[in-house]
Amino acid sequence: MTFDLAFTEDADAESRLEALAALTRQTRELMDAVALTAAPEGELAEIAGELAVLTERLRAVSRQSTHPFHIGSDGTLRHVGNAVIGSGNPFALPLVIEPDPSTGEGGVRADVTFRPIHEGPPGSVHGGVSALIMDHLLGHAAALAGRGGFTGTLTLRYVRRVPYGEPLAATAAVARTEGRKTWVEGRIADQAGTVLVEATGLFITPTQWPPMRDAPSVAG
Ligand SMILES: CCCCCCCCCC(=O)SCCNC(=O)CCNC(=O)[C@H](O)C(C)(C)COP(=O)(O)OP(=O)(O)OC[C@H]1O[C@@H](n2cnc3c(N)ncnc32)[C@H](O)[C@@H]1OP(=O)(O)O
């Protein structure tokens, strides 16, 4: 198993990535504004036309593929294009993951505030979006424990409806290991500590896998 590793340690690359992150943040604002707009029909059509112009401008200078992993100037392993943490991916929440050894081996936590674009049942978050966040956070915990790999299975218990627009916390830590298998448990809870979603994931380290215990910190 190999990853496409690009190294962008020069200042130009870093500053371009920051410009891309700014565009990405603005695009997320746009997505939220579209989800909540009450603009009249004529204005919607006009805005769609303006956006089509911007879309073509970007598409005219497209990359052949999404952003690979790269090592930032501070040594951080970055995945700018990632669907959960990527600073260059408008779809990403984005999740900012911090180590939290107090919760166990590979312990991690992240503040999460879902947005209207994540809607599932009216007024609450889509279960698949919760699963996306859990999958990534659990996988990060496995990697932090030096047991990186791919999700084999992911099981969720949706305990309560997940609200958007409210600060929540997602946590995960390794529960047990056996050979190349790592079981990780996690949850999404509200600020009072009430559990909304529980998750268990089985992560399997492929036989050809780079050693991760000394891996740098990871960011989007
Ligand atoms: C620092 C960066 C942090 C990043 C976090 C990222 C988190 C996001 C993670 C993902 O979303 S990964 C994407 C979703 N997952 C995949 O695309 C995985 C696709 N599947 C595969 O690549 C392979 O099937 C896999 C690597 C999971 C396993 O292939 P192997 O060839 O290594 O497994 P093998 O057949 O040798 O089986 C090894 C053991 O695992 C078991 N196993 C294999 N696949 C399984 C599975 N899917 N579910 C449960 N058990 C499984 C298998 O039964 C066996 O058990 P035993 O040792 O007890 O006999």
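Okay, ground rules. Residues are numbered from 1 along each chain as its sequence is written. Since the model is predicted, local features need pLDDT of at least 70 and side-chain atom pairs count only at pLDDT 80 or more, while totals for chains, interfaces and linings use all residues.

Let's start with the sheet. Six strands make an open sheet, and the order across it is β4-β5-β7-β8-β9-β6, with antiparallel pairing. When I say strand or helix, I mean DSSP runs numbered from the N terminus: E, at least two residues, for strands, and H or I, at least four residues, for helices. Two strands pair if DSSP finds at least two bridges between them. Which strands sit at the edges? Those are β4 (98-99) and β6 (150-158), each pairing on one side only.

Then there's the helix on the sheet. Helix α3, residues 127-144, packs there and touches β4, β5 (108-112), β6, β7 (168-178), β8 and β9. Touching means a contact, that is, C-beta atoms placed from the backbone that lie within 7 Å. The direction of α3 makes about 130° with that of β6. For that angle, axes are lines fitted to C-alpha atoms, for helices over the stretch in contact, and angles run from 0 to 180 degrees between N-to-C directions.

Now let's go across the sheet strand by strand. β4 and β5 run antiparallel and are joined by 2 bridges, and Pro99 stands opposite Val108 in β5. From β5 we step to β7, again antiparallel, with 5 bridges. Here Asp111 has Ala169 in β7 as its bridge partner, and Val112 has Leu168. β5 is mostly covered, with 4 of its 5 residues buried. Buried means 20 or more other C-beta atoms within 10 Å of a residue's own; exposed is 12 or fewer, partly exposed is in between, and the C-beta atoms are placed from the backbone.

Next, β8 (residues 181-189) and β9 (residues 195-204) share 9 bridges and run antiparallel. One of the pairs there is Ala189 with Val195 in β9.

So what surrounds the ligand? There are 17 residues around it, and the closest are Gly139, Ala143, Phe150, Gly152 and Ile204. A residue counts as near if its C-beta atom, placed from the backbone, lies within 6 Å. α3, β6 and β9 each supply at least two residues of that shell, and α3 gives the most, with 5 residues.

Leu93 and Pro94 are joined by a cis peptide bond, with omega about -5°. Pro94 sits in the loop between β3 (77-79) and β4. Away from there, Leu23 lies in helix α1, residues 11-36. Is Leu23 buried or partly exposed? Leu23 counts as partly exposed because it has 13 C-beta neighbours inside 10 Å. Leu23 and Gly201 are 178 residues apart in sequence and 33 Å apart in space, C-alpha to C-alpha.

Key. Two residues are in contact if their C-beta atoms, placed from the backbone, lie within 7 Å.
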